[in-house]
Amino acid sequence: MIIKKAELVATAVKKNQYPEDDKKEIAFAGRSNVGKSSLLNLLVNRRNLARVSGSPGKTRTINFYEINEEFRIVDLPGYGYAKVSKSVTENWGEMIEGYLAGREGLLKVVQLVDIRHTPSAQDVQMYQWLRHYGFDGIVVATKADKISRNEMMKCVGEIRKTLGLSPEDKVIPVSTLKRTGYDKLLEELDRLLEE
Ligand code: GTP
Ligand code: MG
């Protein structure tokens, strides 16, 4: 896939703010600061399309990016950000659930986890939640530049084991810093959109 055009078409906290047409969607989920917005920028080859921040909790709304006027990548707000208030956390749950449950065009949710760490209890919960809604099977392990090639297998194995992935599920290590791995994700997106 060659991404020629990408634009933010909607920013939503509730359903009536979602785009109304039936374009296909692929969403990115993961804890705050894991690198969802950075990955989106890398895929579309734009430095600042999605706002990236060193401090977690940057993306607080569901952001819909239309790609090639054909489908959308949806950047979901991150979870596990301790400093937000309880009411924000509750809204987060409602916001994500409202989106995941019954979004017609949603093909896949890509879950992002940090390659360096064993997935957290919240990562596991998120993954189980996704399964519950009928999504499965694609994990991006971010910040791959932070570990050595030798550590890669072990870290990916740890992610597989902790999330309870099936052998056919994919884990794609990606580094936005070194710009590696995203070609595999693009291939995966191509496959999904063709189905
Ligand atoms: P929220 O919007 O808070 O949910 O965070 P996010 O998941 O969108 O993370 P974001 O893309 O804003 O990135 C968080 C931080 O991680 C930023 O400082 C990025 O520069 C850094 N980062 C993202 N991807 C990578 C990577 O592959 N390698 C390294 N070394 N840093 C990365
Ligand atoms: Mg973000």
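Me: Where does K4 lie?
Reply: K4 sits in the segment before β1. Keep in mind that this is a predicted model.

Me: Is K4 buried or exposed?
Reply: Exposed. K4 counts as exposed because 11 other C-beta atoms lie within 10 Å, and the cut-off for exposed is 12 or fewer.

Me: How far apart are K4 and D183?
Reply: In sequence, 179 residues. In space, 15 Å from C-alpha to C-alpha.

Me: Before we go on, what is the mean pLDDT?
Reply: The mean pLDDT of the protein is 91. 93% of the residues reach 70 or more.

Me: And what ipTM and pTM does the predictor give?
Reply: An ipTM of 0.98 and a pTM of 0.93 for the complex.

Me: OK, the sheet. What order do the strands take?
Reply: β1-β3-β4-β2-β5-β6-β7. That is an open sheet of 7 strands, with mixed pairing.

Me: Which are the edge strands?
Reply: β1, residues 6-12, and β7, residues 170-173. Each pairs on one side only.

Me: What does the twist average?
Reply: 25° from one strand to the next.

Me: Back to β1. In which sense do β1 and β3 pair?
Reply: Antiparallel, over 6 bridges. β3 covers residues 62-67. As a landmark, T11 stands opposite N63 in β3.

Me: Now β2. How many of its residues are buried?
Reply: 6 of 7, so call β2 mostly covered. The strand runs over residues 24-30.

Me: How many bridges join β2 to β4?
Reply: 5, and the two strands run parallel. β4 spans residues 71-75. K24 stands opposite F71 there.

Me: And to β5?
Reply: 6 bridges join β2 to β5, again running parallel. The bridge partner of A27 in β5 is V109.

Me: Which ones are buried?
Reply: K36, S37, S38, L39, L40, N41, L42 and L43.

Me: What do they pack against?
Reply: Strands β2, β3, β4, β5 and β6, along with helix α5, residues 182-194.

Me: Now α4. What does it reach from its first C-alpha to its last?
Reply: 22 Å, for 15 residues, 149-163. That is close to the 21 Å expected at 1.5 Å a residue.

Me: Which α4 residues are buried?
Reply: C155, I159 and L163.

Me: What does the face turned away from the buried side carry?
Reply: Exposed residues of α4: N150, M153, K154, G157 and K161.

Me: What covers the buried residues of α4?
Reply: The cover includes β5 (106-114), α3 (121-132), β6 (138-142) and β7.

Me: Last one. What phi does G164 take?
Reply: A positive phi of about 75°.

Key. Residues are numbered from 1 along each chain as its sequence is written. Chains are lettered from A and ligands numbered from 1 in the order in which they are written. This is a predicted model: local features need pLDDT of at least 70, side-chain atom pairs count only at pLDDT 80 or more; totals for chains, interfaces and linings use all residues. Two strands pair if DSSP finds at least two bridges between them. Helices (H or I, at least four residues) and strands (E, at least two) are DSSP runs, numbered from the N terminus. Axes are lines fitted to C-alpha atoms, for helices over the stretch in contact, and angles run from 0 to 180 degrees between N-to-C directions. pLDDT is the predictor's confidence in each residue, from 0 to 100. The expected span of a helix is 1.5 Å times one less than its number of residues. A residue is buried if 20 or more other C-beta atoms lie within 10 Å of its own, exposed if 12 or fewer, and partly exposed in between; C-beta atoms are placed from the backbone. Two residues are in contact if their C-beta atoms, placed from the backbone, lie within 7 Å.
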